[in-house]
Amino acid sequence: MRRLLVLAFVALVVMAFSAVKISVLCSPDNADALKWLAGEFMKQNPDIQVEIVPLSWEVLYPKLLQDLRSQAGSFDAFTYDVMTTGAVSFGLEDLGAFMKKYPELLPPDYDLNDFIPQVLEESGMWQGKLIGLPFYNNTMLFYYRRDLFEDPKLKQAFKEKYGRELTLPTTWEEVKEIAEFFTRKFNKNSPTEYGIALMFPRTHTLFYMYLLFFGEYRNAPLGIMRHGTADLEYGEYFTADHKPAFNSEEGLKALEMMKKLMPYSPDPLGSDYGETIEYFNQGLVAMVPQWTGPYLIFKSTVGADKVGVIPMPGRSVSGQWALAINKFIPEEKKVAAFKFITFATTKWADKNKFLRFAVAPARMSTLKDPEVRAADPRVPALEVTYVSQTHRPRIPEEPRLEDITVETFSKILAGTLPLSMDTLNDLAKKWQEVLGK
Amino acid sequence: MKNRLIPWLMVLPVLVLFLSMTIYPFAFMIWSSFRQYDLSKGAETRFIGLSNYFQIFSDTTAVESFKFTAKLLAIAVPVELLLGIGVAFLIRGARGEKIIRSSLLIPMMVPAAVSGVAWKMLYNYAFGPVNWFLSLFNVSRISWLGDMNYAQLGIILIDVWQWTPFVFLMIYAGLQSVPQDLIDAARVDGADWGRVFLHVEFPLLRPLILVALVLRIIDCLKTFDIVFMTTWGGPGAATHTYSFYIYKVGVSFGWNIGYASALSVLLLLVSMLLVNIVFRLVRMRQQLGFGGEGE
């Protein structure tokens, strides 16, 4: 008996040491889904141990860049935000070549063609190479208090004041009117204190929030005529020939609209992701533009029957995350990491992570699945949004461009810089300096 | 021979640690400040002389960061000194002195990241306790993190809250070591508590106050964590401290090691200058025996 116990102990130790361990860095909004998937993966692959390491958004990108530049290989796989694609691409394994080298590792019916084409292109491809597998096809949606919009008394009061029906907004001008109606300072009978929760803090948030407004004008027929169609590498901040597009009439209009909406929002310059979610949760506001993730929170706190969701008035913005493998790790770990990231992006995984954790789907099969469509009312809004959303630049200079831009925009919105073409031209000049042009 | 070697062998590990963890990074920083060294564009570097240093003065964000740091230094440090001295003096002999003393040290013991998160919640526009408390006095809600002036005030308040206990601790300890017979002698001569403080205790506390001042100046110039956790330098660049900007340049958005190194060297020079000025103004070096007049 004693010998058996000793043998069992030795076997366990050998197994523990013989298992390949991989660590996966991710952002907090991907972490829960990835942890669950890691658990499911390890059940099927007991010889691989997966550790999911969440890092805050502010820390993740510098950590990735530092590790990849130093080739330290201190982690094996990671999720990267779509706009950092260019900056981190040099350190990512070429997954296309890897698949050719190890075709037997690809899960059966994996089907790369099932990924939403634009998503695969934007978050997974860089300069013709497949470097990431789309995991979280995040985008922004417009959440509103359905019970307030459907309240007959409020609808009547709105019609009396504005001469039109209280309908779901499709433009920011319409949002402005509705937001005014739901702001107690301008309508003492408003059921909410503010109309809309906006987040314009001096962080990367402001960089993507601007696109919600700029996109409406940039991608209108006149905007397309002036600036050309945006491509997936440079996005709507640039013209078709890769010059800054925001120092234009369209760029000014976007900032003007943002300023017009500020009185109807609680502390927009001081509010970020967490604050605006809480304002909506607590019934302080009637509307909030937000990412797909908070929907589960809204469902449980506000109530599924009270939360409505529609495509963003104007245009939304893409915020995809992809899974990738560190190029600078041993081959054995690359194989283990590849097995995990392909497992985490199969059709089964894509569907279940959406249903369980609201991690927005990257595959067409998930969007078409009847069970998914019945379970989640956001699917129709997502389908519309994925086609029309705007995109941030993915070039390596993006993080630096982002920082100088949010500083300028923040000062404009705070009133310390004039809202003028000169200000935007100065910013465009700084962009050219960063881009070395 | 062996006897001469042994002491060196004993200190060798510490020496290696010191050289590798202090001297080498310092030398590397100086070296890279004269080079174009941008990790986001590859690991190649080239010598560019003083260009990084000249860039600082044309970089509006760097200048604004410097201005806010100077403001923080000019307001927070004197307030911390006055409050710390005042509180140390007031709680002496008070009922529950030990409990008050321990409670006063709590802010200093809270990790900066935790205090940043806590203060962000306290400053919340709609639900934060600070605005709720002010509403009891009919003060309308303040955008502590969204208004440039209030954001600066908010950061200063957090700094004062966190570091006044440090000054308090130093002064309180100093007050405990003031010889009682001097105080008794002054009282016998008819001195009230004010005169006792001004003419007996304060002169004896002066070296400690000056040490506290120097340490707070150095620390204040390094303010980073509370900005990172609350305002991220905004709105605009209103609450960018100099150290926070170095982090942005060197780590957060681009890994421009060369420029960040130049910013860091400048910070070091300014720190050394300020400390030297303080020493010279109050002739502390003479008092502490670091050197004679005119050095």
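A residue counts as buried if 20 or more other C-beta atoms lie within 10 Å of its own. By that rule, 51% of the 437 residues of chain A are buried. For chain B, with 295 residues, the share is 32%. Both values describe a predicted model.

Start with chain A. Its secondary structure comes to 21 helices and 11 strands. The radius of gyration is 24 Å, close to the 22 Å that the globule rule gives for 437 residues, so chain A is as compact as a globular protein of that length. Along the principal axes, the C-alpha trace of chain A spans about 85 × 55 × 35 Å.

Chain A is divided into two domains. Domain 1 covers 2–137 + 319–387, and domain 2 covers 140–317 + 393–435. Their C-alpha centres lie 31 Å apart. Where the two domains touch, domain 1 of chain A gives 18 residues and domain 2 of chain A gives 20 residues. On the domain 1 side, α4 (85–88), α6 (117–124) and α19 (379–388) each supply at least two residues. That side has 9 nonpolar, 5 polar and 4 charged residues.

The largest nonpolar core has 165 residues. Within this core, A:A77, A:Y143, A:I196 and A:F340 touch the most other members. Helix α10 (residues 204–218) of chain A gives the most to the core, with 10 residues. Domain 1 and domain 2 of chain A each contribute at least three residues to this core.

Strand β9 (residues 285–291) of chain A has 7 of its 7 residues buried, so the strand is largely enclosed by the rest of the structure. Strand β7 (residues 140–145) of chain A pairs with β9(A) in the antiparallel sense, over 5 bridges. Here A:Y143 has A:V288 of β9(A) as its bridge partner. Strand β8 (residues 194–196) of chain A also pairs with β9(A), but in the parallel sense and over 2 bridges. A:I196 stands opposite A:M287 in β9(A). In a regular strand the side chains alternate between the two faces of the sheet. Leaving out residues up to four places away in sequence, A:Y143 touches A:F280, A:M287, A:V288, A:Q290, A:F298, A:V307 and A:V309.

Now chain B. Its secondary structure comes to 14 helices and 2 strands. Its C-alpha atoms fill a box of roughly 75 × 75 × 35 Å along the principal axes. Among contacts in chain B between residues at least 6 apart in sequence, 68% join residues at least 24 apart.

The two chains meet. Their contact takes 27 residues from chain A and 24 residues from chain B. On the chain A side, α3 (57–70), α13 (273–281) and α20 (398–414) are the elements that give two or more residues. The largest share, 8 residues, comes from α20(A). By class, this side of chain A has 12 nonpolar, 5 polar and 10 charged residues.

In chain B, the loop between α11 (225–229) and α12 (242–252) holds B:P235. A cis peptide bond joins B:G234 and B:P235, with omega about -5°. B:W232 has its place in the loop between α11 and α12 of chain B. Its phi is near 55°, a positive value in a residue other than glycine. B:W232 has 23 C-beta neighbours inside 10 Å, so B:W232 counts as buried.

In chain A, A:D109 has a phi near 50°, a positive value in a residue other than glycine. A:D109 is found in the loop between α5 (95–101) and α6 of chain A. A:D109 has 10 other C-beta atoms within 10 Å, so it is exposed. A:E173 sits in helix α9 (residues 172–181) of chain A. With 14 C-beta neighbours inside 10 Å, A:E173 counts as partly exposed. The C-alpha atoms of A:E173 and A:A349 are separated by 40 Å, and the two residues are 176 residues apart along the chain.

Note on methods
Residues numbered from 1 in each chain as written. Chains lettered and ligands numbered in written order. Predicted model: local features only at pLDDT ≥ 70, side-chain atom pairs only at ≥ 80, totals over all residues. Domains from an automatic or database assignment. Contact = placed C-beta atoms within 7 Å. Helix = DSSP H or I, 4+ residues; strand = E, 2+ residues; numbered from the N terminus. Nonpolar A, V, L, I, M, F, W, Y, C, P; charged D, E, K, R; others polar. Rg over C-alpha atoms; globule rule 2.2 N^0.38 Å. Buried ≥ 20, exposed ≤ 12 C-beta atoms within 10 Å, placed from the backbone. Core = buried A, V, L, I, M, F, W, Y, C linked by C-beta atoms within 7 Å. Pairing = 2+ DSSP bridges.
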